[in-house]
Amino acid sequence: MKCLFKFFLKVFSRVRVKNIYEIGWFRLREMLEQRSSVKTVVLWDGVYKYTDFETMMRIIKYDMVKWHKYRLEEYDCDNFAMTFAGLVPFMYGVNNIGIVIGKVIDNNGNIGYHAWNVFIVMKSNNEPELYMYEPQSGKFTTYKSGRIGNWRYEPEYVIWG
């Protein structure tokens, strides 16, 4: 049953991961800690597999998590982030998704705590780059920018399985 479910999801998404790259935990930690707001980084694996930017955009395009209904305290931001971080390696064989907990700040300076994702991809210049991903909306931005729409994302805790 599990294999049939996985096959159905792959066929449905129409995404094939052909280009796979690897990065060690130490280099990934260095990249994540470039943001001064980061307090803690927990990396559970020694090597992380990731794909190119174009393939990741197709994964995001066909991501079904963003269509799930938000339910306060039942299926909220942390559940969206954990679901996306779990489905990508399950479906595509790359463990390039982390979970982030931190502050989100609107244009008026209002602060709230939130959970979202971070992912790594290979850019066309053959350099790995980090992006932040909002699994509730399907929007993303570079890790360095940290802005999605009218919100500024300040990561504090990153967990990467």
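Biologist: Which residues form the positive surface patch?

Modeller: In this predicted model, the positive surface patch is made up of Arg 14, Arg 16, Lys 18, Arg 58 and Lys 61.

Biologist: And where does Arg 16 sit?

Modeller: Arg 16 belongs to the loop that runs between helix 1 (2-13) and strand 1 (21-24).

Biologist: Switching to the overall fold, how many helices and strands are there in the chain?

Modeller: The chain has 4 helices and 9 strands, and along the sequence these follow the pattern α-β-α-β-β-α-α-β-β-β-β-β-β. The radius of gyration is 15 Å, close to the 15 Å that the globule rule gives for 161 residues, so the chain is as compact as a globular protein of that length. The C-alpha trace spans about 45 × 35 × 25 Å along its principal axes.

Biologist: What joins strand 6 to strand 7?

Modeller: Strand 6 (residues 128-134) and strand 7 (residues 139-142) run antiparallel and are joined by 4 bridges, with Tyr 131 standing opposite Thr 142 of strand 7.

Biologist: Which residue in that hairpin takes a positive phi?

Modeller: That is Gly 138, whose phi is positive and near 80 degrees, in a hairpin with 4 residues between the strands.

Biologist: Now salt bridges: how many does a search of the whole structure find?

Modeller: The search of the whole structure finds 5 salt bridges, and in helix 2 (residues 25-32) the side chains of Arg 27 and Glu 30 meet in a salt bridge at 3.9 Å, N to O.

Biologist: How many residues apart are Arg 27 and Glu 30?

Modeller: Arg 27 and Glu 30 are 3 residues apart, which is about one turn of the helix.

Note on methods. Residues numbered from 1 in each chain as written. Predicted model: local features only at pLDDT ≥ 70, side-chain atom pairs only at ≥ 80, totals over all residues. Heavy atoms only, no water. Pairing = 2+ DSSP bridges. Helix = DSSP H or I, 4+ residues; strand = E, 2+ residues; numbered from the N terminus. Patch = residues over 30% accessible without salt bridge, like charges linked within 9 Å, V, L, I, M, F, W, Y side chains within 5 Å. Areas by Shrake-Rupley, 256 points an atom, 1.4 Å probe, with all protein chains shown as cover. Salt bridge = Lys/Arg side-chain N within 4 Å of Asp/Glu carboxyl O. Lys, Arg positive; Asp, Glu negative; His and termini not counted. Charge placed at Lys NZ, Arg CZ, Asp CG, Glu CD. Rg over C-alpha atoms; globule rule 2.2 N^0.38 Å.
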